[in-house]
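I opened my notebook on this one to look at helices and packing. Here is the model I worked from.

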Amino acid sequence: MEARFNLTDANRLLPLLQLIGSEVEERRADRQRLTKIRDELESARTPEGLQSSLAELDARIYEHRLGIDAAVNELESLGMTILRLNPVTIHIPGDTQRGPIVFCWQLGENRIGHGHMVGEEEDPRRPLKVRITSS
């Protein structure tokens, strides 16, 4: 059975999501920077140490790929998915009074304020309509 979170519980996950999202973003940016350096080295075709430099860059790029994969797997084990890496966007299966929903959080947001109807996860995310009840 798929895990589902209410909005309060999903917001309690934000410290974990921010930590994982930040790691993914850092690894993605570093991998992109290393790939650019690798491409520049390869096109320069300098003979001295070129192959060892390229091999070292390939190993570092691969490490970042493994790190991103581990973060994705951790979120998937909790029932969530990463929609995209730039910006890091995480989908959290949820339930509301109206029924199932997919909460949508992006790195840098301090709360979950957007979502999608189930089956519309590829559509643009929409602000959540939250009713505030008085005590």
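In α2 I found Leu-14, Leu-17, Ile-20, Gly-21, Val-24, Arg-28, Asp-30, Arg-31, Leu-34 and Arg-38 buried.

A note on ground rules: this is a predicted model, where local features need pLDDT of at least 70, side-chain atom pairs count only at pLDDT 80 or more, and totals for chains, interfaces and linings use all residues. Residues are numbered from 1 along each chain as its sequence is written, and side-chain values use heavy atoms, with hydrogens and water left out.

Helices (H or I, at least four residues) and strands (E, at least two) are DSSP runs numbered from the N terminus. I looked up which elements the buried residues of α2 pack against, and got α1 (7-12), α3, β1 (81-85), β2 and β3. For the buried residues of α3, the partners are α2, β1 and β2.

Next I checked the nonpolar core (buried Ala, Val, Leu, Ile, Met, Phe, Trp, Tyr and Cys joined through side-chain atoms within 4.5 Å). The largest one has 21 residues, and Leu-17, Leu-75 and Phe-103 are among those with the most contacts inside it. I saw that α2 (14-44), α3 (50-77), β2 (88-96) and β3 (99-106) each supply at least two of its residues.

I then followed Leu-75, using contact as heavy atoms within 4.5 Å. Leaving out residues up to four places away in sequence, Leu-75 touches Leu-17, Ile-20, Met-80, Ile-82 and Ile-90.

How values were computed. Buried means under 20% relative accessible area, exposed over 50%, partly exposed in between (1.4 Å probe, protein chains only).
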